[in-house]
Amino acid sequence: MLNNDLIDLYGKCGRMGVSRKVFDRMPQRNVVSWTALMCGHLQNGNAEASLTCFCQMRRSGVEPNEFTLSTSVKACGVAGILDHGMQIHGLSSKTGFDSVCVVGNCIIDMYAKCGRIDEAARMCNTMPSMNLISWNVMIAGHVLENNDAGKALVLFREMQEAGEVPDEYTFTSTLKACNRLGDIKRGNQIHAFLTTSGFGVSGRPAVAGSLVDLYVKCQNMSEAQKVFDQIEDKNVISWSALILGYAREENLRQAMELFKQLEESTVQVDGFVLSSLIGVFADFALSEQGKQMHAYTIKLSCSRDISVANSILDMYLKCGLTDEAEKFFSEMAAKNVVSWTVMITGFGKHGLGKEAVSLFKEMQLQNVELDSVTYLAVLSACSHSGLIDESQEIFSGLCADRRKKLQVEHYSCMVDVLSRAGRIREAKILIESMQMNPTVGIWQTLLSACRVHGDLETSQQVGEILMKMDELNPVNYVMMSNIYLEAGYWRESQKIRAEVKEKSGDDTHPLIDSIHDTLKEMENRMKEELGYVNQVRFALHDVEEESKAESLRGHSEKLAIGLALVSGGLERKEGVIRIFKNLRICGDCHEYIKGLSKVLNMTFMIRDANRFHKFRDGLCSCKDYW
C-alpha cells in the first residue's frame, strides 16, 4: 500500500527514476502498482513507456482494471498509435469495461486524436450514458478534424439541449471551432453567453486565450485587445496571439509596444513567440526590426534555440541580406535540415544557383537527411539560375530515391528550367509523364515559356488545356491574347481580349500625381542619358503609343519606387529602397529599374513572386534571367 503511494507521489513530482526503483524493489505488485507507474510515465510525457509497462503487466499475469485500461488507451491517443489503441479497445469490450464511462471517454478521445472521428462517434453511440467529459471529448475531437469544426458547434447545441452545463473545456473547444471556421458571428454569440451567464473569462486564461485567438483570426483587433485586457493572469499564448495579430495587420508599432510590455512582465518569453515575430518581420522584409529582434535573442540566450535560429536566418535572406545570412549560418551552433533548406532557398531566390547546389552537395557529404522540401529548394535554385545539367542530375537522384515522394512542385521546377532554355517539347513530355495530374500552375509555366520562345503551336495546345481547367482565370486569357498578338494574329487576340478586362495601376493614393510626375521625369532623364526606350510590348496592345507608356507607369513596382522617391528618396541617395511585390516583375519594369539605378546611383531591392532582384549601377543580380 505504502509503496503504491510512493510510486504515485514520485511520478507526480517528475521523479520517474525514483518511482521505478520503488516499483522494482517491490516483492509483489498488484494492478494498482502497475497503473500508478503507467500514470507517472504518461503524466511526464512518455506515452511509449506507459504502454511498455502495460505490455509487461499483461505478461506478468496481472489483469487490468478500468483505470489501467483508461490510462493505456489515453497513452495510445497521445502517441498516435492507433493499432495499439484498437487492441486495447477490443480488450475493454471483452472484459466489459468499455461501458464504464472513464474507459469509454478515453477510447473516444484516442480515436479522435488518431484522426478517426467516425469511430469515435460510433463508440459514443454505444455508451450507456454520456457525461460532461464525453461531450467535451467529442466536441474537442471534431475541432481536431479541421474540416468538421461545424459538427463541434452542432454537438455544443445538442449538449445544452440534453441538459448538460458547459464548462471551461467546452467553451475553449467551441471557440476554437469558431476560429477554424472563421465564424465571428457564432463566436460573438458564445462570448455574449459567457458574459450574460456570469461565466467570467478574466480568471480563465484558456477560454480568454481562445477568444483572443478568434478575434485576431477574424481581424477584430479592438475586441481582441478588450478581452486581453480583462485577463488577470496573462500567459505567453495570449501575449503571442495579440502581438502576432497586430503584426499581421501591419500595425507594427502596437505589436512592438506590446512586445516591450511582455518583456517587462513576469511572463517568460519563449522561442515560439520570438520565431513567430521574426517570421512576420521576414515576410514584410523589415530588416531593422529583424536585426533588433536578433540582438534581443542573443540577450536572452535564445539564439541557440534551433527554431529561433532558423527564423533569424530566414529573416536575413528574405530581407536581401545574404552576407549576414551566410555569416549567421556558418556560426550556428547546431543545424537541422530546415537550416540547410532555408539557406539553399535563400541562395536560389537571390539568383545564386551555383552556391545553392554547392551547399546541397555539402549537405549530402555531411549525411544530413534530405527531405522533399530540400530537393524542391535546390531545384528551384537551379531553375532561377538556368542550371540545366545540375537540375537534371538532382532530379534523377530524387526519382531514384524510393524513400522520397515526387511532388508536382518538383516537376514544375524541371519544366521551368527546360522551357526557359527553349526545350519546350521536352518540358511538355515531362508534364505528360507526371505521376500525378498536372496543375494549372505548371501549364502556365510552360505557356509563359512558349510566349518567350514564340512557339505558337504548343501555345495553342496548352492554352486549350488551361481554358478547360481554369476557364474563369483572366491570367490565362491575357497570356494567350499576347501570344496571338506577338505572332500577328490580331483578330484572335482581340477576340480573347474582349472576354477579360485589363487593369493597370491604382490612382487612389493622395500623392499619385506627384508619383507619376516623378516617374515621367526619371524616364526622360534615362532617355537622355542612357537612350532608354519603353518596352511597350508589356503594355496594353490596343491603345496609342503614348497611352502605352502611361499604362506602363501604372505598374505597381514603379508606383512603389515613385512613392519612395517622392517621400525623400531622391535626397537620401544612400541605403537601399526595398520593394515587395506579389507577382513576377515584367520586362519593362526590369529595364526601367536597371536604368534608374544607374542614373540615380542608387540600389533597389525588388522581391517578386519568384526571386530577389538587386539593381545596382545599371545591372541586376538575376543577370536578366528570371
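How many disulfides does the structure hold? I put this to the model, which is a predicted one, and I found that the structure holds 0 disulfides.

**Entry on the cysteines.** I recalled that a disulfide is a covalent bond between the sulfur atoms of two cysteines, and that the cut-off for calling one is a pair of cysteine sulfur atoms within 2.5 Å. I then looked up Cys399 and noted that the closest cysteine sulfur, in Cys413, lies 13 Å from the sulfur of Cys399, which is too far for a bond. Cys450 is buried, as I read its relative accessibility as 1%.

**Entry on the strands.** I next turned to strand β2, residues 603-607, and saw that it runs antiparallel to strand β3, residues 612-616, with 5 bridges joining the two. Within this pairing I located Thr603, which stands opposite Arg616 in β3.

I followed β3 onward to strand β4, residues 619-620, and counted 2 bridges between these antiparallel strands.

**Entry on the turn.** Which residue takes a positive phi in the hairpin of β3 and β4? I found that Asp617 does, with a phi near 55 degrees, in a hairpin that has 2 residues between its strands.

Notes: Residues are numbered from 1 along each chain as its sequence is written. This is a predicted model: local features need pLDDT of at least 70, side-chain atom pairs count only at pLDDT 80 or more; totals for chains, interfaces and linings use all residues. Side-chain values use heavy atoms; hydrogens and water are left out. Two strands pair if DSSP finds at least two bridges between them. Helices (H or I, at least four residues) and strands (E, at least two) are DSSP runs, numbered from the N terminus. Buried means under 20% relative accessible area, exposed over 50%, partly exposed in between (1.4 Å probe, protein chains only).
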